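Student: I have a structure open and would like to learn how to read it. Could you walk me through it?

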2 protein chains.
Amino acid sequence: MRETTLRDVAELAGVSPRTVSNVVNGYARVTDATREKVERAIAQLGYRPNVLARNLATGRSGQIVVVVPYLDTPYFAELLQGIIPAARKVGYNVLVDQTDGDRDHEGELIGRGSRRFLFDGMIFSPLGLSQEDLAVRDPDLPLVVLGERSSDGTFDHVGIDDVAASTDAVAHLISLGRRRIAAIGDQPYPTGEAAQLRTQGFRAAHAAAGRPVDESLIISTARFNRADGATAMAALLDRADPPDAVFCYSDLVASGAIHALHQRGLRVPEDVAIIGYDDIEDGRYSSPTISTIQPDKRAIAQMAVDRLIKRIAGTEPVPGLDLRAEHRLIARESTLGAARASSSRPPPGTTSS
Amino acid sequence: MRETTLRDVAELAGVSPRTVSNVVNGYARVTDATREKVERAIAQLGYRPNVLARNLATGRSGQIVVVVPYLDTPYFAELLQGIIPAARKVGYNVLVDQTDGDRDHEGELIGRGSRRFLFDGMIFSPLGLSQEDLAVRDPDLPLVVLGERSSDGTFDHVGIDDVAASTDAVAHLISLGRRRIAAIGDQPYPTGEAAQLRTQGFRAAHAAAGRPVDESLIISTARFNRADGATAMAALLDRADPPDAVFCYSDLVASGAIHALHQRGLRVPEDVAIIGYDDIEDGRYSSPTISTIQPDKRAIAQMAVDRLIKRIAGTEPVPGLDLRAEHRLIARESTLGAARASSSRPPPGTTSS
DNA sequence: ATTGCGCTTTGCAGCGCTGCAAAGGACTAT
DNA sequence: ATAGTCCTTTGCAGCGCTGCAAAGCGCAAT
């Protein structure tokens with residue numbers, strides 16, 4: 001049996017197809033009488049508009065895509081948790097795509113491919129693409145970039161002040177009296193801009209305290225995940241002069257580092273203090289709970305959606321904006337110890353599940 | 001400037017639009033000569049097919065949707081990690097939707113709404129809908145259901161044998177000599193089928209060991225998350241006769257329970273042994289590492305996609321299948337202790353990030 | 001009664017592509 | 001040379017909807 005169409009409804013209601021369309025879309029002025037007639041016909045036939053046809057006719061898909069490197073990274077999952085409802089509230093469906101941080105895949109997505117027609121705009125968290133790679137993008141694609149890129153003026157960018165946040169994190173470790181502070185997560189190559197900003201903060205905090213930076217304590221990792229965190233921490237502990245504190249570039253890295261410490265029978269924070277970055281839910285429950293930098297994820301999600309919608313509507317001035325969300329330092333057991341952090345009921349989080 | 005169309009390409013190449021379409025789709029027999037001509041024209045004009053138009057013409061969208069209750073639940077995130085590439089490999093884009101376990105929202109998605117046109121099929125992990133609610137679904141929607149429902153014959157179902165897995169988990173605790181075993185996560189109401197199967201396994205293991213079940217040790221929670229796990233554990237510890245082991249219905253619940261134990265200064269597993277369910281990455285790194293039931297997520301993802309594709313193609317016999325993936329017990333520190341579990345390097349996981 | 005105005009409803013054409021089936025061409029067999 | 005066969009290419013119509021602008025209609029003002 002064929003799916004009922006606008007035309008079928010029109011016929012039954014005794015009006016033109018165009019009028020049915022008007023009713024369906026809540027358009028224009030339609031008399032209550034006709035509206036009712038049409039609505040009755042719609043109900044009777046169980047009509048539902050064919051979105052595919054509408055898309056072709058309007059040239060818009062009503063979908064936006066959110067592109068992240070990894071879906072199973074809690075930070076992104078939590079961010080999506082904010083983006084999806086925000087987008088839905090303004091009538092957009094969200095498509096999620098994961099790139100595995102692959103440069104080619106990312107390039108394909110922002111380039112002028114055929115999928116372009118499937119979404120009206122994109123919120124993109126690049127990993128494999130460097131700042132300059134972003135230039136190859138389809139200039140027609142409304143784009144909001146998350147994280148540590150800066151806008152070249154043709155798209156909007158939403159993030160937090162990574163340098164300031166990292167400085168806060170390291171200053172916190174210094175204020176606790178730690179002397180040998182390591183950093184895990186640097187990425188000294190073109191696509192490692194996010195990491196480099198954090199390293200910059202690491203240095204700034206040392207400078208502000210009049211401390212020299214021991215370059216050998218800055219450890220690079222390929223990714224910001226648990227496995228790399230554990231490996232890097234283990235390497236640090238193999239040294240003759242291990243650190244007494246570590247600034248990890250993500251909470252996952254911190255989680256891995258703590259795991260490595262525990263495996264060697266070391267205590268956190270007594271032997272080594274750990275601070276992470278992102279404030280994922282995991283860190284609020286782990287043992288010890290993880291001190292961290294909390295970006296305002298809800299704000300980031302909302303800002304990203306807002307900007308994208310405005311860009312899609314085309315009501316925005318061309319110049320791209322660089323927007324900054326708030327962040328704050330959350331000190332927990334992994335730096336303060338169980339006693340001092342005893343207000344260690346999990347603090348109200350941005351999201352929870 | 002207008003987007004170039006099939007017609008433009010045809011004109012430049014000096015062939016009919018239909019031929020261009022044939023080339024683009026790799027259809028039928030096209031001489032190398034014409035193909036080359038057309039391809040040159042495509043390249044020259046930078047043509048890309050309009051997916052929206054194709055969708056309307058074919059009546060298919062090339063998208064499938066995966067509906068989960070919560071995106072930021074690691075289990076689902078890890079599952080998606082498997083589903084997305086599997087689907088992409090067979091030419092489908094994946095749309096992800098999150099329902100917050102809301103019954104109405106879930107009902108809308110499987111019902112005969114307008115979004116139906118946006119996807120060719122659905123992989124659905126219900127939470128708010130009970131078995132019988134599933135009946136209201138759009139019968140035309142190719143559907144694969146994940147988790148603890150069983151097929152009513154009109155859709156496929158993929159899961160693991162929850163009763164057997166739960167029995168294994170509890171038998172493990174019993175084999176370690178634990179006497180008072182609690183369960184956290186029961187949901188004794190219509191939508192709690194998944195939970196109830198685990199409770200069933202809990203009982204079965206006791207029965208097999210000739211042990212009575214202390215009903216008061218079966219704790220219900222609204223959800224399978226950390227917060228509920230912590231709360232339930234705290235309640236258990238407030239009792240005069242706390243348990244010496246707990247079977248948690250998810251790793252997140254286990255994580256919350258461990259958090260609560262640590263807050264009271266109790267040790268895991270010395271004071272209370274904990275076993276979870278799902279084998280999320282988190283559990284492989286937490287302190288202690290969490291013993292768990294490991295479902296074969298990769299297999300689940302693959303099976304779900306396979307079945308869905310076959311259903312979409314309509315080449316499948318109507319009767320729905322109930323498919324079971326493998327599971328295994330992974331004993332880690334939270335039951336064995338650090339010493340015995342010292343092979344506690346994180347085992348190779350299904351996924352990692 | 002006539003004109004003009006404003007609101008509602010309509011018709012037309014077309015979004016860009018593909019399904020279908022027939023037309024056209026080259027080639028083989030007789 | 002002619003008919004038959006097979007492969008390539010084409011034309012047509014239409015997927016179901018919306019943008020646009022005109023047509024229709026009721027009512028008020030003259």
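Student: How many nonpolar, polar and charged residues does the surface near DNA strand C have?

Tutor: Let me start with the basis. This is a predicted model, in which local features need pLDDT of at least 70 and side-chain atom pairs count only at pLDDT 80 or more, while totals for chains, interfaces and linings use all residues. Residues are numbered from 1 along each chain as its sequence is written, and chains are lettered from A and ligands numbered from 1 in the order in which they are written.

Tutor: Now the classes: Ala, Val, Leu, Ile, Met, Phe, Trp, Tyr, Cys and Pro count as nonpolar, Asp, Glu, Lys and Arg as charged, and the others, Gly among them, as polar. The surface near DNA strand C has 12 nonpolar, 10 polar and 6 charged residues.

Student: Which residues come nearest to DNA strand C?

Tutor: A residue is near a strand if its C-beta atom, placed from the backbone, lies within 6 Å of it. Of the 28 residues around DNA strand C, the nearest are Arg29(A), Leu6(B), Ser21(B), Ala53(B) and Ala57(B). Helices here are DSSP runs (H or I, at least four residues), as are strands (E, at least two), numbered from the N terminus. H4(B) gives the most to this surface, with 5 residues.

Student: And which residues come nearest to DNA strand D?

Tutor: There the nearest of the 28 residues are Leu6(A), Ser21(A), Ala53(A), Ala57(A) and Arg29(B). H4(A) gives the most to the surface near DNA strand D, with 5 residues. By class, that surface divides into 12 nonpolar, 10 polar and 6 charged residues.

Student: What rotation superposes chain B on chain A?

Tutor: In general, two copies of a chain are related by a rotation about an axis and a shift along it. Here the rotation is 180°, with 0.0 Å of shift along its axis and an RMSD of 0.1 Å; the superposition is by least squares on the C-alpha atoms of residues with pLDDT of at least 70 in both copies. The two copies are therefore related as by a two-fold rotation axis. In chain B, Leu95(B) has the C-alpha nearest the axis, 2.3 Å from it. The same surface serves both copies, as 100% of the contact residues of chain B recur in chain A.

Student: What makes up the secondary structure of chain A, and how much of the chain is buried?

Tutor: Chain A comes to 13 helices and 12 strands. A residue is buried if 20 or more other C-beta atoms, placed from the backbone, lie within 10 Å of its own. Buried residues make up 50% of the 353 residues in chain A.

Student: In what order do the strands of the four-stranded open sheet in chain B run?

Tutor: Strands of a sheet pair through backbone hydrogen bonds, either parallel or antiparallel. Two strands count as paired if DSSP finds at least two bridges between them. In chain B, 4 strands form an open sheet in the order E7-E6-E8-E9, with parallel pairing. Strand E7 (218–220) and strand E9 (273–275) of chain B are the edge strands, each pairing on one side only. E6 (181–186) and E8 (245–248) of chain B pair over 4 bridges, and Ala182(B) has Val246(B) as its bridge partner in E8(B).

How values were computed
A residue is buried if 20 or more other C-beta atoms lie within 10 Å of its own, exposed if 12 or fewer, and partly exposed in between; C-beta atoms are placed from the backbone. Two residues are in contact if their C-beta atoms, placed from the backbone, lie within 7 Å.
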